[in-house]
Amino acid sequence: MKRIFSGVQPTNNIHIGNYLGAIKNWVELQKDYECIFCVVDLHAITVYQKPETLRQNILDIAKTYIALGVDPRHTIIFVQSDVKEHAELAWILNSIAKIGEMERMTQFKDKAKQHKENINMGLFDYPVLMASDILLYDTEAVPVGEDQKQHLELTRDLAMRFNKLYGDTFTVPKPIIKKEGARILGLDDPDKKMSKSSPSAMNYVSLLDAPEIAAKKIMKAVTDSGSEVKSGKDKPALTNLLTIYSLMTGRSVKEIEIEYAGKGYGDFKKGLAEIVSDFLADFQRKFNATNDNEIRELLSVNANKARVLAEKKMDQVKRKIGLK
Ligand code: TRP
């Protein structure tokens, strides 16, 4: 079976845009792939995190994966810093990554602008650590959002460069980027991606929002001019809401448009609000049913499984380079 690897940073709790754009796909990919999903805590600290909050967020992300349907019996869910080889391989890949190619990374440029007071080496090196995550496990495909495409290109380049210099060692991974849902937009600003760092909480629905609050946010979502429930280039807000509706229910946008033909935005939003709040209630029930100690135990067992694979790959890498 082909292997996929992906990761999410334990920085803040997840919103429905993250779910529909990423984790929902992971859940589906479990059927056809051997999956490894990682809580990338070493990536998170490239921006200052309060230690207590980080500790809890790491557990919460793992609980979130499971409550959303990642099945820990078949899928390895683990914490990046539990497997030292990630940092070790990053150092080695640093020696073949060029400053020039790193300087072109648009996420680094954006983050450097956002965190002017702390443009640290980790932030600059972030994509090399991500490449290490992926390459350690002979990953064949990486499901990511559109914004990570450039990092994946870099990963491929580093893998090919290493293979050329030292002989065949790394599998060159391919991205899996789902067009639909890859960009869920802000509810109050459908020009930009839904984001937790948006100035208004009306922008997003967090998976841990109380279902009534989520329903309110949907009811208050910005709409387009006109009154027809239709998607299209001239209707960015409705297209976004229809996409959410469609991904949440598994029904096509066309079908939903037909259902709401002749009805107004109000009816449609009411329908969507109910779907989203039911989804959240169900998610939160599962999320709250797992306790922190169970998760700690599970993460420790899974880290052991990941470590076996990572150690084997590192051994190979060190031999190729002449470190062993
Ligand atoms: N950089 C990714 C993001 O911000 C998270 C990530 C880290 C990742 N390592 C990864 C994603 C490896 C896929 C594979 O979304």
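Author: A polar side-chain atom of Asp 133 lies 2.7 Å from a nitrogen atom of the ligand. This is a polar contact, that is, a pair of N or O atoms within 3.5 Å. The model is a predicted one, in which local features need pLDDT of at least 70 and side-chain atom pairs count only at pLDDT 80 or more, while totals for chains, interfaces and linings use all residues. Residues are numbered from 1 along each chain as its sequence is written, and side-chain values use heavy atoms, with hydrogens and water left out.

For Tyr 126, a polar side-chain atom is found 2.8 Å from a ligand nitrogen; for Gln 148, an N or O atom of the side chain is 2.9 Å from a nitrogen atom of the ligand. Taken alone, the ligand exposes 370 Å², and the protein buries 89% of that (accessible areas by the Shrake-Rupley method with a 1.4 Å probe).

The shell around the ligand holds 13 residues, the closest being His 43, Tyr 126, Met 130, Asp 133 and Gln 148; a residue belongs there if one of its heavy atoms lies within 4 Å of the ligand. By class, the shell has seven nonpolar, five polar and one charged residues, where Asp, Glu, Lys and Arg count as charged, Ala, Val, Leu, Ile, Met, Phe, Trp, Tyr, Cys and Pro as nonpolar, and the others, Gly among them, as polar. Strand 1 (3-8) and helix 7 (121-135) each supply at least two residues of this shell, and helix 7 gives the most, with four. Helices (H or I, at least four residues) and strands (E, at least two) are DSSP runs, numbered from the N terminus.

As for the space itself, the ligand sits in the largest pocket, which means that more than half of its atoms lie within 2 Å of the pocket's grid points. A pocket is an open set of points on a 1 Å grid over the protein atoms alone, with protein on both sides within 12 Å along at least five of seven lines; lining residues have an atom within 4 Å of a point. The largest pocket has a volume of about 1600 Å³, a volume being the space filled by probe spheres set on the points. Its lining comprises 49 residues, of which Gln 9, Asn 18, Gln 107, Asp 147 and Lys 193 lie nearest the centre. Among the elements that give two or more residues to this lining are strand 1, helix 2 (41-44) and helix 7, whereas helix 1 gives the most, with six. The lining divides into 19 nonpolar, 21 polar and nine charged residues.

How values were computed
A polar contact is a pair of N or O atoms within 3.5 Å; within protein, one must be able to donate a hydrogen and the other to accept it, and residues adjacent in sequence count only if both atoms are side-chain atoms. On a 1 Å grid over the protein atoms alone, a cavity is a set of points where a 1.4 Å probe fits but cannot get out, and a pocket is an open set with protein on both sides within 12 Å along at least five of seven lines; lining residues have an atom within 4 Å of a point.
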